[in-house]
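Welcome! Take a moment to look over the sequence and the 3D picture before reading on.

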Amino acid sequence: MLETEQPLRVGHRLWHFHGGLKLRHWKKISMESPLTSAGLPDRLELPLRQNIGEVPMVAVQPGDRVLKGQQLTRTNGSVSAHIHAPASGVVTEIGTVRAPHPSGLEFPGLVIEPDGTDGTCYQEPISDWLNADPNLLLDRVFHSGIVGLGGALFPTHAKLRRSEQRPVEVLVLNGAECEPYISCDETLMRDRPREIIRGACIMRHMLNARQCVIAIEDQMGVVEQVLRDALEELGMSDQALVVKVPTIYPEGGEKQLIRVLTGREVPSGGLPMDVGVVCQNVATAAATYRAVALGEPLMSRIVSVTGRGVQQPCNVEALLGTPISRLTAAAGGYTDQAQRLIMGGPMMGLSLPDDDLPVTKATNCVLVLTHRDVSPVAPELPCIRCGECARVCPAQLQPQQLLWHIRASEFDQAEDLSLADCIECGCCAFVCPSQIPLVDYYRYGKTENRVRAADRQRAEHSKQRLDARNIRLEAQKKQRKERLARKQKALAEDGKKSEIEAAVARSKARRAQRDPEA
Amino acid sequence: MKFATAGAPHVPAPKSVHWVMLQVLLALIPGTAAYVWFFGPGILVQITLAVAAAVAFEVLMLRLRRQPVSPFLNDLSAPVTAVLYALCLPPLMPWWTVVIGMGFAIVVAKHLYGGLGFNVFNPAMVGYVVVLIAFPREATSWLPPEMLAEHTISFGAALMAIFTGELPAPLTWDAVTQATPLDVIRTGATQDIMISEIRSNPLFGDFGGKGWEWIANFYLLGGLYLLFRRVITWHVPVAVMGVVIVMTLPVYLFDPGTNPFPLQHIFSGGIVLGACFVATDPVSGAASPLGRLVFGGGVAVFTLMIRRWGGYPDGFAFAILMMNMAVPLIDRYTRPRVFGQ
Ligand code: SF4
Ligand code: SF4
C-alpha cells in the first residue's frame, strides 16, 4: 500500500466507501426538545458486562454503603472496564440482573438503592492534563470505567496507549451517528462542545497524535458552528478540525468513517491503528475529559428517547442502571400506537421484550416504533440473487453467497468469503426484496466459526500437549539409554581396569614368587 | 410495559420481490403495445394463454412440492416468465405448443431445479428453446408487420388461428406468414447477396426490420425504466449491446457490402428484449458487476456466432442458456475485492 507511506492529510477532501444507504434520518424529532434528565430512580441495576473483553468482578458486599462515583469492581484483565456507583446508596443485591437483550435473560450484576444523599467519591482532578504523564492519564481512564460510547463498548484506555512502532497520525472523533433517529451525540456536541474538545485534546496528548478531526454529519445544522465557536473560544482552533461527512448509513462505522476521511482502508481483521488512525466517539471524549479534569468516572450517559411511539421525543441524560421505563416517561410516555421497543437504532438495534430493563453504557437510544414504521411480518422468500445486498454492503462482501454457504452449513466457505469482515450493519437485510433476515444468518455463521475455531484451538492445544509429552518421553528414554550406555561403558571400563590390575597383580605375584630376593 | 420482539432491521424493506416483478411487467407494456400495433392482437392472446398456463403449472408444482401457494404466487415471477416467453413466440403459434413450452419452463426449468431462486437456466428461454426445437415450423411462422401485410389479422382471426390452427377464409398460412428480416439476411448471406440489395427488401426499416426496430425501441424504453427504478443495473444491457457493436463494427467497416451495419444487429431479433429483460434476470445471471459484464459479453458473442454460423436465425435464447451454465464459473472468478483486503 503506497498510500500509507505518504503523510496523511485529513480534511482537504473526502473519499467514498462502497455501498451504504441513504436513509431518512428522523433526527429532528428528538432534537427539538432540550436535553432533560431522567432523575434519580429508586433502584439502579448494573450488569457487570458493559464492555468488550474481560468482565470485571464485584468488589463490594451486599449491604455496603457506597458513594457516588465509587468503584464497585476489580479486574485482572487489561481489556476490561470498571463499574462505578452512579449514585450514593446501599448495595442491596449482588447476583443477577436483567440486561437489555432480546432474550430478557439475567446476567451477573448488582443493584444499588440510592439514598438521595450527595456524598461523592471522585478521584483527584488532574488539572494540568496537557502536561500530565500519559500513563497517569491512561490509569485514570481505566479507573473511570470508560468504554466506547457509540455502542461499541471497547475499553477506551486500550485504544489510547501510545505505540512506539506505529505513531498515530490522526485521531478521529466520531460524531457521525450513522443510524436514523439517534441524536445523543448531536445533542452532546450542541450542548457541551467544550467537554468534547478538551477530551479530544487529552486524547491527542495521550496518543501523541499529529492531527485531530471531529467528524460530523452534513445534516447536523448548528453543530458545526457550535464546535468551531467553542474551538475558537478555547483557543484550540489549531488542535482539531471539524469535518462534515455526508450522511450515508453506515458512515459512523469506524472503518467507513476512516475510509471517508483518509482514503485508507483498515485491513481485513486489522485495527484502525494499522493505518495510523485512532477513532473515538465524541461522547467517549467528553467522558474522558470529565474523568481526567473533574475526576468523575462514567456514571451516566445521554440517551435519545425517540420514535413515533413516544409522545415527546427528546434526549435524556440518565444514570447507568436507570430503568428504561423512566426514560420513556421523561419523553411523555408512549403513544397508543407504540409497538416495538428498541435499544439502538432501527437498523442494528435490539428489540426489547419490556421497558423494565436498565440503561447501560451501550444504550445510545431507546426507540419506540409504531406499526406504521415497523416492517410487516412478510414471509421469507428464497434469494433471487438480485445482488441488491452486494450493492449496498459497505464491507464489499457478497451477502447472497454467504447466505448460501451458511444455509448449507459450509462455514469454511463462508469464512473464505470473509464472513468475519461483516460489520452486521444490516444494509443487506434492509434492501433484500425477499425479506431474508441476512444478519441473523451471519451472526449464526460467525458464532459457528468461533466455536469451531475454539475447538480447533483446543485440539491443537491437546495435540501440542501430546506432542510435548511424546517429546519429553522420547527425551527421557534417550537419556535413560544414554545413562545406561554410559554405565555399561563405565562398568566395562571398570571391568577392564580391574582385569588389568588383576593381571598386573598376578604378574607381580608371579614375579615375586619367581624372584623372592628382588 | 411489554413488547413483542423481532430481528433487526426494524424498518421495512423498500422493495419486495412482488414489487420487482411488477416493475418488470410494467416495463414490458410499451414494447408489447408496439408489438400489437405492428403485428396485430395475436400476441395478446399468446400472453394471456401463457400467463394462465404458467400460473396453473406454478400452483400445481407448489402443491406437489408442498410449498405455500399464496406467497409464491404473489411474487409474480411466474407471470414475468410467461410474458417474456410469449413475447418470443410468433403471434399465431398454436395454443398447445404455447402450453407445452410454458409447462417445460415452469415445471422443469423452474420447479425441478428447486423453484424461485434456484433455477440455473432462465425458464422463459428454456420454454422458448423447447418449442423452437420441438415445433420448428410453428415456432418460426412469423407474420409481416401490418403495414406490409396484404391481410390484416383481426383479434377473432387470431383467436381462431391459435386455438384451431385454421385461418378464416380466404386467408391461408402461406399467405399470412413471412420470413423475418433475420431469415432474409441469413439466406442472403449464404447466397452472397449484397447487404444493400437485401436491405432493399421492404421488410427492412432504418436499422433493423420494419416494425421490429420500433418494438425494440420500446423494449429499450422499458429497460431504461427498470434502470431508473434500480430493478436492473446497466452492466448486462450495456455489455450485450456494446459487445455486439464492437464485434460487428470492424467486420462491417472491412466490407460494408456483405456485412450488416452493427445497429441492424441490435435492432433485429431478440437482442434488445434479451439484453434488457432476460439476461438481466438475477436468478440465472451473474452476481457481481464485473460478472454481469462478462455474462452480457458472452451472451452477445454467442448470439452473433449462432446468427452467423448456427442453425437458427436468432441465437439469443441459446446464448443466454449457454451463459447461464457458465454463471458459477463467472461468479467464482469475478468476486469483488473485500473491504480492507
Ligand atoms: S438482496 Fe436478498 S434476494 Fe437479493 S441477492 Fe441479496 S439475499 Fe438474495
Ligand atoms: S450486514 Fe454484513 S453482509 Fe450485510 S451489508 Fe452489512 S457488512 Fe455487508
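Here is a short briefing, grouped by topic.

This is a predicted model, in which local features need pLDDT of at least 70, side-chain atom pairs count only at pLDDT 80 or more, and totals for chains, interfaces and linings use all residues. Residues are numbered from 1 along each chain as its sequence is written, chains are lettered from A and ligands numbered from 1 in the order in which they are written, and side-chain values use heavy atoms, leaving out hydrogens and water.

**Helix α12 of chain B**

- Let us start with helix α12 of chain B, which covers residues 212–228; helices (H or I, at least four residues) and strands (E, at least two) are DSSP runs, numbered from the N terminus.
- Several residues of α12(B) are buried, including B:W212, B:I215, B:Y219 and B:L226; buried means under 20% relative accessible area, exposed over 50%, and partly exposed in between (1.4 Å probe, protein chains only).
- Seen down the axis of α12(B), the buried residues fall within an arc of 165 degrees, so they line one face of the helix; the arc is that of the directions from the helix axis to the C-beta atoms.
- On the face turned away from that buried side, you will find the exposed residues B:L224 and B:F228.
- B:L226 has a relative accessible area of 1%, so it counts as buried.
- B:L226 and B:R63 are 163 residues apart in sequence and 32 Å apart in space, C-alpha to C-alpha.
- After α12(B) comes B:R230, whose phi is positive, near 60 degrees.

**Elsewhere in chain B**

- Helix α16 of chain B (residues 289–309) has 21 residues and reaches 30 Å from its first C-alpha to its last, close to the 30 Å expected at 1.5 Å a residue.
- Among the buried residues of α16(B) are B:F295, B:V299, B:L304 and B:I306.
- B:R66 sits in the loop between α3 (42–64) and α4 of chain B, and this residue has a positive phi of about 55 degrees although it is not a glycine.
- Is B:R66 buried or exposed? With a relative accessible area of 76%, B:R66 is exposed.
- B:L73 belongs to helix α4 (residues 69–74) of chain B, and its relative accessibility of 27% makes it partly exposed.
- Between B:L73 and B:L62 there are 9.1 Å in space, C-alpha to C-alpha, and the two are 11 residues apart in sequence.

**The loop between α2 and β8 of chain A**

- A:E169 is found in the loop between α2 (134–142) and β8 (170–174) of chain A, and with a relative accessible area of 13% A:E169 is buried.
- Which side chain does the side chain of A:E169 make a polar contact with? The partner is the side chain of A:R210, at 3.2 Å; a polar contact is a pair of N or O atoms within 3.5 Å, where within protein one must be able to donate a hydrogen and the other to accept it, and residues adjacent in sequence count only if both atoms are side-chain atoms.
- A:L153 also lies in the loop between α2 and β8 of chain A; A:L153 has a positive phi of about 65 degrees although it is not a glycine, and at 15% relative accessibility it counts as buried.
- A:G151 is found in this loop too, and its relative accessible area of 35% makes it partly exposed.

**A cis peptide bond in chain A**

- A cis peptide bond joins A:Y249 and A:P250, with omega about -5 degrees.
- A:P250 is in the loop between β10 (241–245) and α6 (254–262) of chain A.
- A:L21 and A:P250 are 229 residues apart in sequence and 7.4 Å apart in space, C-alpha to C-alpha.
- A:L21 lies in the segment before α1 (28–31) of chain A and is buried, with a relative accessible area of 8%.

Definitions and conventions: The expected span of a helix is 1.5 Å times one less than its number of residues.
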